[in-house]
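Q: Could you walk me through this model, with the cut-offs spelled out as we go?

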Amino acid sequence: MNNYEWNTAYNDLCKEIEVLEIRRDELQGELRIIQRRIMAGPRTKLVASYSGMPGGSGADTPLPQMWATVNSINEALEVVIDIIDLKKEAKRRMEERMSKFDTLEYKVAYLRDVERKSLAAIATEIGYSYDWVAKVSAKVKRLKQEKTA
């Protein structure tokens, strides 16, 4: 990867994981709703008619059709969970490799952007002065901005 592109790739991966987790949660919620409807059994919809006799006008979804929906949601859920696991493993591996960067710029960028450490904490950890780490951090930010502009 070119200078500082790793950060963009890492951030995109984190956003992908967040989107997939939202999808997972949505599928799980949909599954709970359908399962609750199945467990509740058929609903009786009684309304008054002109004859004075109660009558029903609504039709419930047939049980076999609901089970087919549950099965398709379960299949989609399994796929999403497998993809999340795959991407989380990729994220873990990226973080492991990024934590071993040799150059000062990469170390500062990693500790600041991935581990979310303050510049003072970074300076203490890597053994440089706060002023020098702040200059390196500003340089890294400037290079990232020039790349995106």
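A: To begin with a term, buried means under 20% relative accessible area, exposed means over 50%, and partly exposed is in between, with a 1.4 Å probe and protein chains only. At 4% relative accessibility, Asn-7 therefore counts as buried. This is a predicted model, in which local features need pLDDT of at least 70, side-chain atom pairs count only at pLDDT 80 or more, and totals for chains, interfaces and linings use all residues. Residues are numbered from 1 along each chain as its sequence is written, and side-chain values use heavy atoms, with hydrogens and water left out.

Q: Where does Asn-7 sit?
A: Asn-7 is in helix 1, where helices (H or I, at least four residues) and strands (E, at least two) are DSSP runs numbered from the N terminus. Asn-7 lies 7.9 Å from Asp-113, C-alpha to C-alpha, although 106 residues separate the two in sequence.

Q: OK, zooming out, how many helices and strands are there in the protein?
A: The protein has 5 helices and 2 strands, and from the N terminus on the elements run α-β-β-α-α-α-α. Of its 149 residues, 25% count as buried. If contact means heavy atoms within 4.5 Å, then among contacts between residues at least 6 apart in sequence, 67% join residues at least 24 apart.

Q: At what angle do helix 1 and helix 2 pack?
A: Helix 1 (residues 5-40) and helix 2 (residues 63-98) pack at about 155°, with their axes 9 Å apart; axes are lines fitted to C-alpha atoms, for helices over the stretch in contact, and angles run from 0 to 180 degrees between N-to-C directions. That makes helix 1 roughly antiparallel to helix 2, given that angles under 35 degrees count as roughly parallel, over 145 as roughly antiparallel, 65 to 115 as roughly perpendicular and the rest as oblique.

Q: And what is the hand of the crossing of helix 1 and helix 2?
A: The crossing of helix 1 and helix 2 is left-handed, a label used if the near helix is turned anticlockwise from the far one by less than a right angle, with right-handed used if clockwise. The residues of this contact divide into 25 nonpolar, 3 polar and 10 charged, where Ala, Val, Leu, Ile, Met, Phe, Trp, Tyr, Cys and Pro count as nonpolar, Asp, Glu, Lys and Arg as charged, and the others, Gly among them, as polar.

Q: Switching to helix 3, how many of its residues are buried?
A: In helix 3 (residues 104-113), 8 of the 10 residues are buried, so helix 3 is largely enclosed by the rest of the structure. Among them are Tyr-106, Arg-112 and Asp-113.

Q: Which residues of helix 3 and helix 4 meet?
A: Leu-104, Val-108, Leu-111 and Arg-112 of helix 3 meet Ile-122, Glu-125 and Ile-126 of helix 4. By class, this contact has 5 nonpolar, no polar and 2 charged residues. Helix 3 and helix 4 (residues 119-126) pack at about 130°, with axes 10 Å apart, and are therefore oblique to each other, while their crossing is right-handed.

Q: What about Arg-116, buried or exposed?
A: Arg-116 is exposed, with a relative accessible area of 63%. Arg-116 is in the loop between helix 3 and helix 4, and its phi is near 60°, a positive value in a residue other than glycine.
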